[in-house]
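Student: I am new to this structure and would like to go through it with you. Could we start once it is in view?

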Amino acid sequence: MVLKAIVIDIDGTITNPNRSLDLDVAKRFRELNVPVVLSTGNPLCYVHAAAKLIGISGIVIAENGGVVSTGFDSPSIIAEGKEECEKAYELLSQYHDLVKLDAAYRKTEVVLNRDVAVEDLRSTLSENGIDIEIIDTGYAIHIKSTAMNKGTGLLKVAELMGLEPSDYLAIGDSCNDAEMMQVAGFGIAVGNADDEAKQAAKYMTQASFGKGTLEAIEYAISNGLL
Ligand SMILES: O=C(O)COP(=O)(O)O
Ligand SMILES: [Mg+2]
């Protein structure tokens, strides 16, 4: 066994196409003898509820690395940058019709409904000389600081768990998983993954969504990685 833990995305990776949790994945996590860390673009309350119900670690990565929780009942590490995201949002909303998501819960990002083209948002920002990242995960558009991502989140999580980032198997489906896969010891993209996630991964499963994750875990075990 080379790897000592799993860090894994939520939407598109442990879910079904309708965003419901794949129950076979939850069951499989409980049988594993390595810790499983959820890593998501969703806010902390969402991922903590998911982790508690699945029955896995309260150490999680939320808001694309902006928020790293040190446990269910312990304080979180919250990155700087919310203010610059709000400024970018104010500017963008002068040119585009935008709908904010989860605004009450977000500590580090501004997140938008996917009814606007990201390329148009990026053009508006660059025309106005604003250096901020805009990503589309397939589930939401995130206005985020360039200083944090799931890869920087994994560095913090590894430190909290007394492990190296290279000790983790990273599994994901989208552009926001790329840095985490690059920092981890081995990255697997599920079959429904976007091009950026596929490029960052060392292996891609045939199956998609939660079934892809089940395949990824079996691949890692049968190849002596887990
Ligand atoms: O928050 C999103 O946009 C997608 O969430 P995910 O990182 O769990 O896939
Ligand atoms: Mg995802």
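**The binding site and its surroundings**

Tutor: UniProt, in an unreviewed entry, places the feature "binding site" at Lys150; UniProt positions are given in the numbering used here, feature names are shortened, and annotations may be inferred rather than shown by experiment. This is a predicted model, in which local features need pLDDT of at least 70, side-chain atom pairs count only at pLDDT 80 or more, and totals for chains, interfaces and linings use all residues. Residues are numbered from 1 along each chain as its sequence is written, chains are lettered from A and ligands numbered from 1 in the order in which they are written, and side-chain values use heavy atoms, with hydrogens and water left out.

Student: Where is Lys150 found?

Tutor: Lys150 belongs to helix H5, residues 150–161. Helices (H or I, at least four residues) and strands (E, at least two) are DSSP runs, numbered from the N terminus.

Student: Is Lys150 buried or exposed?

Tutor: Lys150 has a relative accessible area of 0%, so it is buried. Buried means under 20% relative accessible area, exposed over 50%, and partly exposed in between (1.4 Å probe, protein chains only).

Student: Which side chain makes a polar contact with the side chain of Lys150?

Tutor: The side chain of Asp9 does, at 2.8 Å. A polar contact is a pair of N or O atoms within 3.5 Å; within protein, one must be able to donate a hydrogen and the other to accept it, and residues adjacent in sequence count only if both atoms are side-chain atoms.

Student: Moving to the metal, what are the protein donors of the magnesium ion?

Tutor: They are Asp9 (OD), Asp11 (O) and Asp173 (OD), lying 2.1 to 2.2 Å from the magnesium ion, ligand 2. Donors are N, O and S atoms within 2.8 Å of the metal (3.2 Å for Na, K and Ca); water is not among the atoms, so sites may look incomplete. Along the chain, the donors follow the spacing D-x1-D-x161-D.

Student: Is Asp173 buried or exposed?

Tutor: Asp173 counts as buried because its relative accessibility is 5%. Asp9 also counts as buried, at 3%.

Student: What about ligand 1: which residues are around it?

Tutor: Among them are Asp9, Asp11, Thr40, Tyr139, His142 and Lys150; a residue is near a molecule or strand if one of its heavy atoms lies within 4 Å of it. A polar side-chain atom of Thr137 lies 2.6 Å from an oxygen atom of ligand 1, and a backbone N or O atom of Ile10 lies 3.3 Å from an oxygen atom of ligand 1. Taken alone, ligand 1 exposes 280 Å², and the protein buries 99% of that. Accessible areas come from the Shrake-Rupley method with a 1.4 Å probe; for residues, only the protein chains shown count as cover.

Student: Elsewhere, where is Leu121 found?

Tutor: Leu121 is part of helix H4, residues 118–127. Leu121 counts as buried because its relative accessibility is 0%.
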